[in-house]
Amino acid sequence: MRPVPARWRDLLRALGLRWKISVLLAVGCSLVAVTIGALIHDARQRQVADAARASAVAQLVRVRQVYELTGRLDNDKVGEADARIDCPTLAPPLRRAALEGLRSTYLELSGPHPAVWAARPVGGDHVLSVRQSLGREQAELRELDRQLVAYGAVVVGLAAGGGAALASRLSRALRTAAETARRISAGDLEARIGPAGVPGSRDEVAELSWAVDTMAASLQRRLEAEQRFTADVAHELRTPLTGLHTAAELLPAGRPTELVRDRVAALRTLTEDLLEVARLDADREEPRLDVHRLGPLVEAVVRRSGVAARVVGARGAACVRTDVRRLERILTNLLVNARRHGGDPAGVTVTVSGTSVTVRDRGPGFPERVLREGPQRFLTGAAERGRGTGLGLTIALGQAQVIGARVTLANTAPSGASATVDLPEA
């Protein structure tokens, strides 16, 4: 068996499920129609051949009786048959069989003048033959073939149409399931496929829809419970941390006091980050958008961040529509992350180009897991990235979504990480 050419394989892969099912049904029905048509044609042709041979033999018997009684062929015509003695157009195989003393027939349906012959020996070495035209029978066979082709085309068309309708319903249900899964993946936990049949029945599409909706509901409950837990923990920590901060301020000056105050400040920062993550998860943030020139805004953010970063291209930047407080939060988190994990604190560069801001460092770069799956809270990705809670990038991406921006993480050659913030143009 010859392999399927590559172009046909590529074409089949490019077709949707609906068209694949329609094509398969059409091809299957075509094969069945061709097979049944061939069987009907062959059976009818054998029936016509048998009837023609029997009729030719009967005519030959009648012609022989007339010839033996009268010695002539009645003007060479008997009924619808053409009777002749030693006909020059008689088929050689039929002539040889007659000269050998056999009565035989010969059928010719493929030529322009279809006919059936019957021959037998007569009067020693002469051959009596009868030829009967089969033009009408051949016309009937052609008409039968045309009807078979027409009916077969109708059946194939109906099968392809029915298959397309059935496949369209199946494809639509699968596309709905895929779109719902994409919406859930994008954060829309309320997305559902909806009822598509009776769960537990033999309808696989309904079973798939029910399973996806059940999974989405379970995932929503788990995520909401996690968000509530995070928010509750952060709120509960706020009060004791405030008292702890006040008590730390009353301690006498010294190295132990500095360590206590530093750890209390870290705990307060972590608590505020947790509260901010909880607000972002709950989708309760409302941006205050306004038009600003990006270059001066980035320079001011870098100065206030306390990171010794070099700013490039700030003078040629465009105007953007953004929330200044949230953009500062995004850039400050990226700058602090670059300083903490970049290896060289003085190697942080901020590049402003059009409506984009890129923060680069000279460190080992982001781990592949972070680039592939995105930042995850409380997970820094790799030991070489240093210590941290993993909340900085999470908050940066969440705040960027609030103001309609996009943060892209990448590694640069030969080493280093870059985070690009693309802002909507004013």
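Q: What makes V23, V27 and L31 a nonpolar surface patch?
A: In this predicted model, V23, V27 and L31 form a nonpolar patch of about 250 Å². Patch residues have over 30% relative accessible area and no salt bridge, with nonpolar side chains (Val, Leu, Ile, Met, Phe, Trp, Tyr) joined within 5 Å and like charges within 9 Å. A salt bridge is a side-chain nitrogen of Lys or Arg within 4 Å of a carboxyl oxygen of Asp or Glu.

Q: Why is V27 called partly exposed?
A: V27, in helix α2 (residues 17-70), has a relative accessible area of 45%. Buried means under 20%, exposed over 50%, and partly exposed in between (1.4 Å probe, protein chains only), so V27 counts as partly exposed.

Q: Why does A118 count as buried?
A: A118 lies in strand β4 (residues 115-122). Its relative accessibility is 0%, so A118 is buried.

Q: What is A118 in contact with, leaving aside neighbours within four places in sequence?
A: Contact means heavy atoms within 4.5 Å. The partners of A118 include A56, V57, L60 and L128.

Q: How do you know that strands β11 and β12 pair?
A: Two strands pair if DSSP finds at least two bridges between them. Strands β11 (residues 406-411) and β12 (residues 417-422) are joined by 6 bridges and run antiparallel, so by that rule they pair.

Residues are numbered from 1 along each chain as its sequence is written. Local features need pLDDT of at least 70, side-chain atom pairs count only at pLDDT 80 or more, and totals for chains, interfaces and linings use all residues, while side-chain values use heavy atoms, without hydrogens and water.

Technical notes:
Areas by Shrake-Rupley, 256 points an atom, 1.4 Å probe, with all protein chains shown as cover. Helix = DSSP H or I, 4+ residues; strand = E, 2+ residues; numbered from the N terminus.
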